[in-house]
Amino acid sequence: MSQATDPGPTAAIACKGITKRFPGVIANEDVDFDARAGEVHALLGENGAGKSTLSNIFTGLYQPDEGELWLAGRRAVFQSPREAIAAGVGMVHQHFRLVEPFTVAENIMLGDHRDIGRSFRIHPREIERRVAEIAERYGLAVDPKARIWQLSVGEQQRVEILKALFREARVLILDEPTAVLTPQEASSLFVTLRAMAAEGRTVIFISHKLHEVKAVADRVTVLRGGRSVATVEAADATPQSLASLMVGREIEVNRRRERGGEIGAAVLEVVGVSAGGDRGLEALRDVSLTVRAGEIVGVAGVAGNGQRELAEAVTGLRPLTRGSVRVGDRVLRGGDPREAIRAGVAHVPEDRLHTAVAPSLSIGSNVVLKSYRGTTVTHGPMLLLKRIHDTAAHLIRSYDVKAPGTTTPARQLSGGNLQKVVLGREFSGEPRVLIAASPTRGLDIGAIETVHRYLREAADRGVAILLISEDLDEVLALADRVAVMYEGQIVGEVDAGSASVEEIGLLMAGGRAA
Amino acid sequence: MKVRIERRLTQPRWLTVAVPVGSLTAAFGLIAVVLLATGHNPAATYRDVFEAAFAANGALTQTLVNATPLLFTGLAAAAAFRMNLFNIGGEGQLYFGTIGSAAAGLLLAGQPGPIVIPAMIAGGMAAGAAWALVPAFLRAFFSTNEIITSLMLNYVAGLILTYLIFDSHSYWRDSESASAAVFPVGKALSDAASWPTIGSSVVVPLGFLIGIGVAIGIWVLYARTRFGFEVQVIGDSPRAARYAGMRTRRKILAVMALSGAIAGLGGASQIGDFRHTLDADPKGLRAYGYGYTGIVVAALARYNPFAVVLVAFLLGGLQNAGSTLQGPDFPSGLVGRCRG
C-alpha cells in the first residue's frame with residue numbers, strides 16, 4: 001500500500017479502478033472518482049449507469065471486486081455499512097429509512113452506537129437538544145419531538161440528513177434527493193447542502209436532472225454504462241453538454257412541443273369529482289377539468305396530492321363518491337375499468353410492472369391484455385394463438401421494442417422497452433383519451449425521448465391526453481395547459497407556454513394563484 | 001467470499017423436470033439408508049415395490065383404483081392454484097360429491113345405466129361446486145382467506161356425512177336391511193348405478209378415464225380459451241387484471257366452482273366405481289384424506305394437468321405397494337415413511 005497511488009490529499013473520498021460485477025452484468029467497471037472536502041460533487045448518469053452501485057460501495061453495502069477506496073488520503077475497506085458510518089460516510093436513500101410511529105429524535109438515536117446512544121436507558125431530552133442544535137445550524141427546520149408520520153416528505157428528508165449529521169458524517173451521499181420535493185423545497189435543500197460544503201464536508205449528489213446539477217454542484221462526474229466518462233467543472237458545463245456525456249450522443253432535452261394538429265372539441269370532461277383514498281380519507285375533492293381533442297393537459301404536483309387517484313378515477317379503477325366523468329358523449333358510471341376502456345380511455349399507469357402488465361406472462365399475452373375480448377384474436381371462446389403472436393410481433397417491430405420474442409415474459413424487458421409495449425398496446429385501441437401517469441419515471445434519457453415523441457404524435461392525431469407527472473420540466477415541455485394539484489384539489493391552472501416554474505412551484509406547495 | 005442467492009430470471013426448461021426427478025432420486029437414496037438401518041435390503045425392497053405396484057397380477061388394476069380419487073382431487077387443486085386460489089377444501093368437496101351422486105343414484109333407482117350414471121356425475125359435480133362456492137363467495141365479496149375457510153369446511157362436510165348416516169334417518173340411510181339395524185349404513189345403489197369398467201386383464205375404472213378427459217379439458221380451457229387467459233392474468237397480477245377490465249370476482253366464483261366440481265366428480269367416482277353406497281364411516285372414505293393428498297399431487301405436478309395424471313398414477317402405485325409390503329417383517333410405520 002504505497003502512498004504513490006494516493007489520489008491527492010485534497011480528496012475527502014476517492015476511488016480508483018472500482019469494478020463490481022453481478023451475475024450477468026458489470027455494474028461498475030474501472031471507475032475513478034474523487035470528491036474534495038468542501039465541495040458538492042454531482043454524480044450524473046442514466047438509470048443503470050452504475051450510480052447506485054457506486055454509492056453502495058462507498059457506504060459499505062457492497063464490496064468492490066477490484067479497485068480501491070480512499071478516505072481522506074488513507075486506504076479504506078468497509079466490510080459493512082456500520083464501518084462506513086463510523087468512518088464518517090453517511091447516505092440519504094431515495095426511500096427513507098425511518099420508523100413512522102417514532103419521533104424525530106428517536107429515529108436519529110436509532111442505530112447510533114456511540115456514547116448516549118449506546119446506553120441502555122434512552123435520553124430523549126438530551127437527543128432532542130442536540131438535534132435542535134444541528135437543525136438550527138443548517139437551517140433544517142424540524143421539530144425533534146414530532147412523529148415521522150406527521151411530517152411531510154420534505155421534512156422526512158431533513159430528518160435523514162440530520163441523522164447523518166448527528167453521526168458526524170464528513171461525506172454525505174444523497175440519492176436523487178429532489179425527486180420528492182417541490183422546486184421551493186429543492187432550492188432550500190440546495191442551501192443546506194452548500195452550507196454543509198462551506199463547513200468542509202463533502203456532499204455527493206446523485207441525480208439525473210441536469211439543471212439541478214448545474215445549480216448546486218461544484219464538479220460533476222458523469223457515469224455511463226458503469227464507467228466514469230468524465231469529470232467536469234459545473235460552471236463550464238451546459239445541460240446540452242452534460243446530456244451528451246450521459247447518453248453518448250447529441251440529444252435534445254425537453255424542447256418545448258410544437259403543435260402539429262389542431263385542438264378540437266372537449267373529449268374528456270371531469271366534473272366535480274370526489275373519491276376516497278386508500279386509507280379511507282378523501283383523496284380527491286371536487287376536481288373538474290377538461291381536455292380537448294389534440295390537447296395535452298399536464299397535471300403537476302408533489303407526489304401524493306391526489307394525482308394517482310385522479311388517474312384511477314378517470315380510468316374506472318377507483319369509484320367516484322361524487323361528480324361525473326364524461327368521454328365524448330358517454331357518461332361513465334365510474335368504478336368500472338371495462339366501461340372506461342369501451343368509451344375509448346387508454347391508460348398508461350404509474351405502476352408499470354404490476355398494473356400495466358402481468359409480469360410473468362408473455363409479451364404476446366400482454367399485448368392483447370385488453371383486446372382479448374374483441375374478435376381479432378379470438379374466435380368464440382377460443383384464443384387464436386397465431387393471431388396473438390402476429391399482433392405482438394407487429395407491435396415489437398413498429399415500436400422498436402428490444403425483445404428476444406413474443407413469448408418472453410414481460411418482466412424481463414427493461415423499463416423503456418416495457419413502456420413501449422404498454423404505449424403500443426394502448427394506442428392500438430384507437431383511444432380518444434389517454435391518461436398517462438408518470439410515463440417516463442425511471443426511464444433513461446433515450447427512452448424518455450421516445451415516449452415523449454409518441455405522446456406528441458398521439459396528440460397530433462387528435463387524442464386528448466392527460467399527462468400526470470411529478471417532473472415539472474416534462475409537463476412544461478409537453479403540455480398546453482398545466483393544472484396543479486394540492487391535497488386532492490386542483491389549486492390552479494396555468495398556460496404552459498407562459499407559466500414560470502416559480503409560479504407553478506408556489507401552487508404545488510399549496511399557495512393559491514394570485 | 002459471500003455467496004448470494006438470487007432468483008433466476010428465467011426458469012430453464014430442463015430445471016422444471018430435473019428438480020422433481022432429482023428430489024425423487026434423493027428420496028430413494030434416503031429411504032435406502034432407512035431400509036438398511038432397519039435391516040432390509042433396499043434393492044430387493046425396491047424390486048418388491050415395483051412388482052407390487054405395477055407388475056404383479058392385478059397390481060396395475062389396484063394401482064388405478066388408488067390413483068382415481070387422487071387424479072380428481074389433484075386436478076381440482078391444480079385448477080384453483082392456476083389462479084393463485086388455494087382450495088384446500090378438496091376433501092369436503094369430495095364428500096359432497098359422494099352425497100350428491102348417491103342422491104342422484106338413489107332417486108333414479110329404477111332407471112337404466114345410461115340415465116343413472118350421467119345423473120350421478122352431474123349430481124356429484126353440482127354438490128362439490130356448491131360446497132366450493134361457500135369459500136369462493138366469502139373470498140370474492142369479503143376478501144376472506146380461502147385457505148382457512150375451505151380447510152375448515154372440510155370438517156363441516158365430514159360432520160354432515162356423519163349426521164346423514166349415523167345421527168338421522170336421512171334419505172341416504174338404510175333403515176330396512178338386517179345388518180343396518182346393527183350398524184348404520186347407507187342405502188345400496190342399484191346395479192345399474194355401478195359404473196362400467198374397461199379392459200379385462202387390466203381393469204380400468206370409468207372414473208380414471210373420465211379423469212383423463214377432465215385433465216385434457218382443463219388444459220384446453222387454461223391454455224386456449226379467453227376464460228383461461230383471464231385466469232392466467234388474474235393469477236399473475238390481480239391489479240393488471242382489474243386494469244384490463246376483467247371481472248375478478250366472477251372469475252373467483254367460476255374457478256372455485258370448477259375446482260369443487262372436479263373434486264365432486266371424484267366423489268361421484270367413489271360412489272359409482274367403488275363404494276356403491278354413501279360411506280360415512282370414519283374408517284372408510286374419510287380415513288384416506290384423498291383431498292389432502294390431491295394437493296400434494298398438484299404441487300408435485302406443478303399444476304400441469306397432464307403431470308397430475310402421471311403423479312396420481314405413481315402415487316397410487318406407491319400406496320398400493322405400501323399395503324402389499326406391509327406385513328409381519330415390514331411395519332406399517334416404515335411404509336408410511338417411504339410414502340412420505
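**Close-up 1. Strand E8 of chain A and its two parallel partners.** In this predicted model, five bridges join strand E7 (residues 171-175) of chain A to strand E8(A), and the two strands run parallel. One of the pairings within this part of the sheet sets A:Ile173 against A:Ile204, its bridge partner in E8(A). Strand E3 (residues 40-45) of chain A is likewise joined to E8(A) by five bridges and runs parallel with it, and here A:Ala42 has A:Phe205 as its bridge partner. In a regular strand, side chains alternate between the two faces of the sheet.

**Close-up 2. The largest nonpolar core and the surroundings of A:Val433.** The largest nonpolar core has 247 residues, and among those with the most contacts inside it are A:Phe205, A:Val433, B:Leu75 and B:Val308. In soluble globular proteins, nonpolar side chains tend to be buried together. Once its neighbours within four places in sequence are left aside, A:Val433 is in contact with residues including A:Val267, A:Leu268, A:Val327, A:Val345 and A:Ala464.

**Close-up 3. Helix H16 of chain A and what covers it.** Helix H16 (residues 445-460) of chain A has 16 residues and reaches 22 Å from its first C-alpha to its last, close to the 22 Å expected at 1.5 Å a residue. Its buried residues include A:Ile448, A:Val451, A:Tyr454 and A:Leu455, together with A:His452. The elements that cover the buried residues of H16(A) include helix H9 (239-247), helix H15 (415-428) and strand E20 (464-468) of chain A. Just after the helix, A:Gly462 takes a positive phi of about 105°.

**Close-up 4. A:Val422 in helix H15 of chain A.** A:Val422 has its place in helix H15 of chain A, and this residue counts as buried because 26 other C-beta atoms lie within 10 Å. Although A:Val422 and A:Val348 are 74 residues apart along the chain, their C-alpha atoms are separated by 6.9 Å. Leaving aside neighbours within four places in sequence, A:Val422 is in contact with A:Val348, A:Arg352, A:Ala356 and A:Val357.

**Close-up 5. Strand E1 of chain A between two antiparallel partners.** Eight bridges join strand E1 (residues 11-22) of chain A to strand E2 (residues 25-36), which runs antiparallel to it, and A:Ala14 stands opposite A:Asp34 in E2(A). Strand E1(A) is also joined by five bridges to strand E4 (residues 66-71), again in an antiparallel arrangement, where A:Lys16 stands opposite A:Glu68.

**Close-up 6. The side of chain A that touches chain B.** How many residues of chain A are in contact with chain B? There are 23 of them, in contact with 17 residues of chain B. Helix H11 (337-342), helix H12 (352-356) and strand E18 (382-383) of chain A each supply at least two residues of this side, which by class has 15 nonpolar, six polar and two charged residues.

**Close-up 7. Residues 1-7 of chain A.** Chain A averages a pLDDT of 86, and 93% of the residues score at least 70. Over residues 1-7 of chain A, however, pLDDT stays under 50. Where pLDDT is low, the predicted coordinates should not be read in detail.

How values were computed. Residues numbered from 1 in each chain as written. Chains lettered and ligands numbered in written order. Predicted model: local features only at pLDDT ≥ 70, side-chain atom pairs only at ≥ 80, totals over all residues. Contact = placed C-beta atoms within 7 Å. Helix = DSSP H or I, 4+ residues; strand = E, 2+ residues; numbered from the N terminus. Nonpolar A, V, L, I, M, F, W, Y, C, P; charged D, E, K, R; others polar. pLDDT = per-residue confidence, 0-100. Expected span 1.5 Å × (residues − 1). Buried ≥ 20, exposed ≤ 12 C-beta atoms within 10 Å, placed from the backbone. Core = buried A, V, L, I, M, F, W, Y, C linked by C-beta atoms within 7 Å. Pairing = 2+ DSSP bridges.
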